[in-house]
Amino acid sequence: MYDESFMARAIEISAEALETPGTEPFGAVVVKDGRIVGEGINRSVLNHDPTSHGETEAIRDACRNLGTVDLRGAALYSSCEPCPLCVAAMLIAGVSELYYAADMAQAGAALGDLPEAARFPIDVDHMLSQCGLPAPARKMTSAQHRSAPAAEILHRWAAKARERG
C-alpha cells in the first residue's frame, strides 16, 4: 500500500544529485514490513557503472542489509519511472510493488536535450523496443556460441544446489 513518506524520501534522495558530483537525480527506496531497508541514488558516472541506477542501488542496499536476495513482499519507491534494467532487477529480486513519481516523458522533457558531455545519451524508445525481444531479434549483434559447455556448467551447479537442499 502506498505511503507518501516513502515517496518523499525517494525524491529527497534524488535531490542529493544537485550537490553530489557523479550522481544523477534518480533516487529510490526499498520498503519491507513498513520500514525502509534500502536506499539508492544513480551513481553511474561516479562508479563508472551504467547499471548503478537509483533503483538498482536501493535493491543492492536492501539485499545487503537483509542478508538475502529475496525481496518478495517489498515495495520500491522511485523518484522516476524505472527503466527496463531496473524493472528487470526488481523482478529478479521479487519486489512486489512499484510506486514512482516522474514518468519517462517528464524525464525526457527535462534531460533529453542535455549535451553528451553533461549526460550519456540514452534512447529510451529504442531501449524499450529492444528489451522484450529474444536475443536473435534485437538490433545489436547477438549470436550463441559454445552452448553445450556453458549449459553443462549450469546443470552441474544446479545438481550441487539440489544436494545442498
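**Ground rules**

I am working on a predicted model, where local features need pLDDT of at least 70, side-chain atom pairs count only at pLDDT 80 or more, and totals for chains, interfaces and linings use all residues. Residues are numbered from 1 along each chain as its sequence is written, and side-chain values use heavy atoms, with hydrogens and water left out.

**Overview**

I noted seven helices and four strands in the protein chain. Helices (H or I, at least four residues) and strands (E, at least two) are DSSP runs, numbered from the N terminus. Reading from the N terminus, I get the order α-β-β-α-α-β-α-β-α-α-α. The C-alpha atoms fill a box of roughly 50 × 40 × 25 Å, taken along the principal axes. Of the 165 residues in the protein chain, 31% are buried. Here buried means under 20% relative accessible area, exposed means over 50%, and partly exposed is in between (1.4 Å probe, protein chains only).

I also checked contacts, meaning heavy atoms within 4.5 Å. Among those between residues at least 6 apart in sequence, 46% join residues at least 24 apart.

UniProt, in an unreviewed entry, lists residues 1-114 as "domain: CMP/dCMP-type deaminase". UniProt positions are in the numbering used here, feature names are shortened, and annotations may be inferred rather than shown by experiment. Over residues 1-114, I find 41% helix and 25% strand, with the end C-alpha atoms 36 Å apart.

**Back to H3**

Which residues of H3 are buried? I have Gly 54, Glu 55, Thr 56, Glu 57, Ala 58, Ile 59, Ala 62 and Cys 63 down as buried. The buried residues of H3 pack against strand S1 (24-32), strand S2 (35-42), helix H2 (44-47), strand S3 (75-80) and helix H4 (84-93). Just after H3, Gly 67 takes a positive phi of about 70°.

Is S3 enclosed or open? Six of the six residues of S3 are buried, so I call the strand largely enclosed by the rest of the structure. I count two strands as paired if DSSP finds at least two bridges between them. S1 and S3 pair in the antiparallel sense over four bridges, and Val 31 stands opposite Ala 75 in S3. S3 also pairs with strand S4 (residues 97-102), in the parallel sense over five bridges. There, Ala 75 stands opposite Glu 97 in S4. The chain crosses from S3 through H4 to S4, and this β-α-β crossover is right-handed. That label applies if, with the strands pointing away from the viewer, the path from the first strand over the helix to the second runs clockwise. I also have Cys 80 opposite Ala 102 in S4.

**Cysteines**

How many disulfides does the structure hold? I found zero disulfides, taking a disulfide as a pair of cysteine sulfur atoms within 2.5 Å. For Cys 80, the nearest cysteine sulfur is that of Cys 83, 9.4 Å away. Cys 80 counts as buried, because its relative accessibility is 5%. The sulfur of Cys 83 has its closest cysteine sulfur in Cys 86, at 3.8 Å, which is too far for a bond. Cys 83 counts as buried too, at 10% relative accessibility.

**Positive phi away from glycine**

Asp 33 has a phi near 55°. Asp 33 sits in the loop between S1 and S2, and is exposed, with a relative accessible area of 73%. Arg 146 also has a phi near 55°. Arg 146 sits in the loop between helix H6 (124-131) and helix H7 (147-164), and is exposed at 66%.

Is Ala 105 buried or exposed? Ala 105 lies in helix H5 (residues 104-111) and counts as exposed, because its relative accessibility is 57%. Ala 105 and Pro 115 are 10 residues apart along the chain, and their C-alpha atoms are separated by 18 Å.
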